[in-house]
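This briefing sets out selected features of one protein model, grouped by topic. Please read it alongside the sequence and the coordinates.

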Amino acid sequence: MGQGVLTAGFSRVDNALHCEGVSVERIAGEAGTPLFVYSAATIRDRFTRLDAALEGVPHRLHYTLKANANRAILELVRSMGGGVDVVSGGELYRAQQAGFRGEDIIFGGVGKTAAELRQAVEADVLFINAESEAEVRLLDSIAGELGMRARLSLRVNPEITIESAHEYIKTGEKGHKFGIPYDDVVHVGKVALQCRNLTLVGLDMHLGSQLSRIDPYRAGTQRLVQLHSELVALGARDIRWLDIGGGLGVRYDSEEPPDLGRFGEEVLPLVEGTGLTLVMEPGRFIVGNAGMLVARVLYRKRSGGKDYVIADAGMTELLRPSHYGAYHRIEAVIRSGDTARVDVVGPICESGDFLALDREMDQVGPGDLLAIYDVGAYGAVMSSNYNARPRAAEVMVDGDRWALVTERESLSDLVRHEIATPSWRS
Ligand code: LLP
């Protein structure tokens with residue numbers, strides 16, 4: 001990070017794994033497994049570091065709900081003065097439930113429905129990131145119907161090639177579905193300036209996720225600043241926000257996370273003197289390292305020369321290994337000192353259900369607890385009920401206190417919305 005070692009929310013005290021001041025074994029014993037455990041101190045640390053790195057210019061941090069929309073996390077972000085970035089009516093609702101006001105909320109997303117746009121206008125959000133001319137026109141008519149003026153920002157596709165961990169998490173290259181193609185932005189800007197019920201207040205981009213290099217941010221910011229000048233020349237007088245998205249990477253294995261010092265040195269000067277306020281929408285950076293998945297080993301099995309560890313968590317709790325080939329460090333909560341080469345798999349009826357393949361790790365047996373690291377971002381939010389598995393519980397730790405912040409789903413939750421007999425049958 002260029003500013004010392006990242007603070008660890010998870011550490012060992014005489015071999016016993018702790019989240020801050022609380023034993024992970026103790027929490028799992030009381031709350032059961034599979035279980036997500038979040039470190040409040042880590043979230044505070046990341047938020048504060050990023051905020052400090054941007055201190056040279058007027059700025060705002062809008063934590064992105066899609067990384068982890070747990071209410072306790074949202075309230076923590078709010079207590080630190082952060083805003084949020086939401087991409088659906090559901091996330092907007094969650095943000096409001098957690099106490100965020102309209103002015104704290106940015107609304108984005110490539111396929112917003114008319115109902116969602118209406119919800120965002122009614123909530124009087126800070127701005128709505130529009131991704132096409134058609135969306136700009138729809139938003140104008142919705143704001144007109146509501147007798148309101150909506151604040152609009154244009155999501156630009158900066159068309160910058162990036163290095164990221166997986167194709168699926170690149171979003172700002174030429175031809176991607178996201179944003180307005182770079183060459184079309186001025187035209188869409190002109191359309192927006194003519195809309196009677198809209199005020200063009202911002203420009204936005206998002207390059208992709210899990211980025212470790214600074215140069216794409218520099219290049220993208222330059223492109224947005226250039227567009228800003230062109231739009232001002234066309235009469236845009238109200239552009240205030242320069243939203244450069246999220247994407248800052250974290251360490252899962254041996255990756256080098258972005259150097260925040262260099263980020264400040266290379267990106268902030270581009271914003272200085274423009275009169276614009278810099279906005280970032282970080283997700284993974286704030287919560288990625290702050291979460292752990294705790295699972296219990298059910299069985300060991302040997303098949304075709306391979307050793308399997310069968311755990312009570314799998315792709316339903318953590319989709320990232322099977323969906324993106326993502327690496328998550330796994331340790332025994334209580335380490336024996338021995339190691340073995342194993343596949344760690346879940347109980348789901350899919351061969352793609354794994355947490356780690358061909359991994360040299362702590363030797364474990366039935367009943368042992370596993371700690372799967374760095375699942376705070378895109379862990380619980382991407383979990384599912386596949387195989388009719390109730391979603392896991394979530395716990396937050398703060399110092400020497402811990403609390404259940406999401407109850408484990410019950411069996412009756414699984415059928416709560418089902419209508420057993422279609423009405424036409426009666
Ligand atoms: N803003 C926008 C418009 C985004 O699309 C995203 C993430 C973010 C901000 C936050 O990006 P972050 O700071 O978290 O990198 N499920 C994938 C990641 C998908 C990211 C989607 N967009 C994964 O597990 O790696």
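The model is a predicted one. An open sheet has three antiparallel strands in the order S1-S2-S3, and helix H1 spans residues 24–31. The structure holds four aromatic pairs, and 17 residues surround the ligand.

**The three-stranded sheet**

- The strand order of this open sheet is S1-S2-S3, and the pairing is antiparallel. Strand S1 (10–13) and strand S3 (22–23) are the edge strands, each with a single partner, so one side of each has no neighbour in the sheet.
- S1 and strand S2 (residues 16–19) run antiparallel and are joined by four bridges.
- Within this pairing, Ser-11 stands opposite His-18 in S2, and Val-13 has Ala-16 as its bridge partner in S2.
- The hairpin of S1 and S2 has two residues between the strands, and Asp-14 there adopts a positive phi near 50 degrees.

**Helix H1 and the residues after it**

- Val-24, Ile-27, Ala-28 and Ala-31 are the buried residues of H1. Viewed down the helix axis, the buried residues of H1 fall within an arc of 95 degrees, so they line one face of the helix.
- An α-helix has 3.6 residues a turn, so residues three or four places apart point the same way.
- The exposed residues Gly-29 and Glu-30 are carried on the face of H1 turned away from its buried side.
- At the start of H1, a side-chain oxygen of Ser-23 comes to within 3.3 Å of the backbone nitrogen of Glu-25.
- Gly-32 follows H1 and has a positive phi, near 80 degrees.
- The peptide bond from Thr-33 to Pro-34 is cis, with omega near -10 degrees. Pro-34 belongs to the loop between H1 and strand S4 (35–39).

**Aromatic pairs and charges over rings**

- Of the four aromatic pairs in the structure, one is formed by Phe-10 and Tyr-373; the pair is edge-to-face, with 6.3 Å centre to centre and 80 degrees between the planes.
- This pair links distant parts of the chain: Phe-10 is in strand S1, while Tyr-373 is in the loop between strand S19 (369–372) and strand S20 (393–398), 363 residues apart. Both Phe-10 and Tyr-373 are buried.
- Tyr-217 and Phe-263 also form an edge-to-face pair, with 5.1 Å centre to centre and 75 degrees between the planes. Tyr-217 lies in helix H8 (residues 215–233) and Phe-263 in helix H9 (residues 260–271), so the pair ties together parts that are 46 residues apart in sequence.
- Tyr-217 is buried, with a relative accessible area of 0%, and Phe-263 is buried with a relative accessible area of 0%.
- The ring of Tyr-373 also has the charged end of Arg-329 over it, 3.7 Å from the ring centre.
- The charged end of Arg-223 sits over the ring of Tyr-182, 3.8 Å from its centre.

- Strand S14 (residues 291–303) pairs with S19 in the antiparallel sense over four bridges, and Leu-293 stands opposite Ile-372 in S19.
- Strand S16 (residues 330–332) and S19 run antiparallel and are joined by three bridges; here Ile-330 stands opposite Ile-372.

**Ligand surroundings**

- The closest of the 17 residues that surround the ligand are Ser-209, Glu-281, Arg-320, Tyr-324 and Tyr-378.
- A side-chain N or O atom of Ser-209 is 2.3 Å from an oxygen atom of the ligand.
- A polar side-chain atom of Tyr-378 lies 2.6 Å from an oxygen atom of the ligand.
- Arg-284 places a backbone N or O atom 2.8 Å from an oxygen atom of the ligand.

**Positive phi in other loops**

- Glu-159, a residue other than glycine, has a positive phi near 55 degrees. Glu-159 lies in the loop between strand S9 (150–157) and strand S10 (180–181).
- Ala-388 likewise has a positive phi, near 50 degrees, and lies in the loop between S19 and S20. Ala-388 is exposed, with a relative accessible area of 52%.

Key. Residues numbered from 1 in each chain as written. Predicted model: local features only at pLDDT ≥ 70, side-chain atom pairs only at ≥ 80, totals over all residues. Heavy atoms only, no water. Buried < 20%, exposed > 50% of the residue type's maximum accessible area, 1.4 Å probe, protein only. Arc of directions from axis to C-beta. Polar contact = N/O pair within 3.5 Å; in protein donor to acceptor, adjacent residues only side chain to side chain. Pairing = 2+ DSSP bridges. Phe/Tyr/Trp six-rings, centres within 6.5 Å; stacked < 30°, edge-to-face > 60°. Lys NZ or Arg CZ within 6 Å of the ring centre and 35° of its normal. Near = heavy atom within 4 Å.
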